[in-house]
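Thanks for coming, everyone. I have one structure to show today. Let me put it on the screen.

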Amino acid sequence: MDIVLCTLAQLAVGEQGIIHSFTDKQTSLKLLEMGCTPGEKVKIKNIAPLGDPIAISVSGYLLSLRKEEASTILVQKITVEQVK
């Protein structure tokens, strides 16, 4: 089965994904320090009315990211069937 990836910024509120990789090396260092590591499950908790920033749940805490930062995180979207 092929892995389908999208960016964290493409997920809607309530959707979940597993971090796969990053598209920007410089931003990835900062994100890694904040707990956004490959294999970690993330959930979109809230998106500001204008789409920026995005609040995510990762590593047991709430993290706010700019949409630009979220667009550098590639995730494997978790479907409803996979959660059950």
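Some ground rules. This is a predicted model, in which local features need pLDDT of at least 70, side-chain atom pairs count only at pLDDT 80 or more, and totals for chains, interfaces and linings use all residues. Residues are numbered from 1 along each chain as its sequence is written, and side-chain values use heavy atoms, with hydrogens and water left out.

When I say helix or strand, I mean DSSP runs numbered from the N terminus: helices are H or I with at least four residues, strands are E with at least two.

Start with the sheet. It is open and has 6 strands, in the order S1-S6-S2-S3-S4-S5. The pairing is antiparallel. Two strands pair if DSSP finds at least two bridges between them.

Which strands stand at the edges? Strand S1, residues 5–7, and strand S5, residues 61–65. Each has a single partner strand, so one side of each is left without a neighbour in the sheet. On average, neighbouring strands here are turned by 45 degrees against each other, direction ignored. For that angle, axes are lines fitted to C-alpha atoms, for helices over the stretch in contact, and angles run from 0 to 180 degrees between N-to-C directions.

Now walk through some pairs. S1 and strand S6, residues 73–78, run antiparallel and are joined by 3 bridges. Cys6 sits opposite Val75 in S6. S2 and S3 also run antiparallel, again with 3 bridges. There, Gly17 faces Val42 in S3. S3 and S4 pair over 5 bridges, in the antiparallel sense. Asn46 has Ala55 in S4 as its bridge partner. S3 and S4 also form a hairpin, with 6 residues between them. In that turn, look at Gly51: its phi is positive, about 90 degrees.

Next, the core. A nonpolar core here is a set of buried Ala, Val, Leu, Ile, Met, Phe, Trp, Tyr and Cys residues joined through side-chain atoms within 4.5 Å. Buried means under 20% relative accessible area, exposed means over 50%, and partly exposed is in between, with a 1.4 Å probe and protein chains only.

The largest nonpolar core has 18 residues. Leu8, Ile56, Leu65, Ile73 and Val75 have the most contacts inside it. S2, strand S3 (41–47), strand S4 (54–58), S5 and S6 each supply at least two of the core residues. Which strand gives the most? S4, with 3 residues.

Take Leu65. A contact means heavy atoms within 4.5 Å. Setting aside residues up to four places away in sequence, Leu65 touches a list that includes Leu8, Leu31, Met34, Ile56 and Ile73.

Now the charges. Side chains of opposite charge can pair when their charged atoms come close. Our rule for a salt bridge is a side-chain nitrogen of Lys or Arg within 4 Å of a carboxyl oxygen of Asp or Glu. How many salt bridges does that give? The count is 3.

One is Lys77 with Glu15, where the closest N and O atoms are 2.7 Å apart. This pair links distant parts of the chain, 62 residues apart: Lys77 is in strand S6, and Glu15 is in the loop between S1 and strand S2 (16–22). Lys77 is partly exposed at 37% relative accessible area. Glu15 is partly exposed too, at 22%.

The others involve Glu69. That residue is in helix H2, residues 67–70. Is Glu69 buried or exposed? Buried, because its relative accessible area is 10%. Its side chain meets that of Lys30 in a salt bridge, 2.5 Å from N to O. Lys30 is partly exposed, at 39%.

Glu69 also forms a salt bridge with Arg66, at 3.8 Å from N to O. Arg66 is exposed, at 52%. Shared partners join Lys30, Arg66 and Glu69 into one network.

A polar atom of its side chain lies 2.9 Å from the backbone nitrogen of Arg66. And beyond its neighbours within four places in sequence, Glu69 is in contact with Thr27, Lys30 and Leu31.

That's the tour. Questions, please.

Note on methods:
A polar contact is a pair of N or O atoms within 3.5 Å; within protein, one must be able to donate a hydrogen and the other to accept it, and residues adjacent in sequence count only if both atoms are side-chain atoms.
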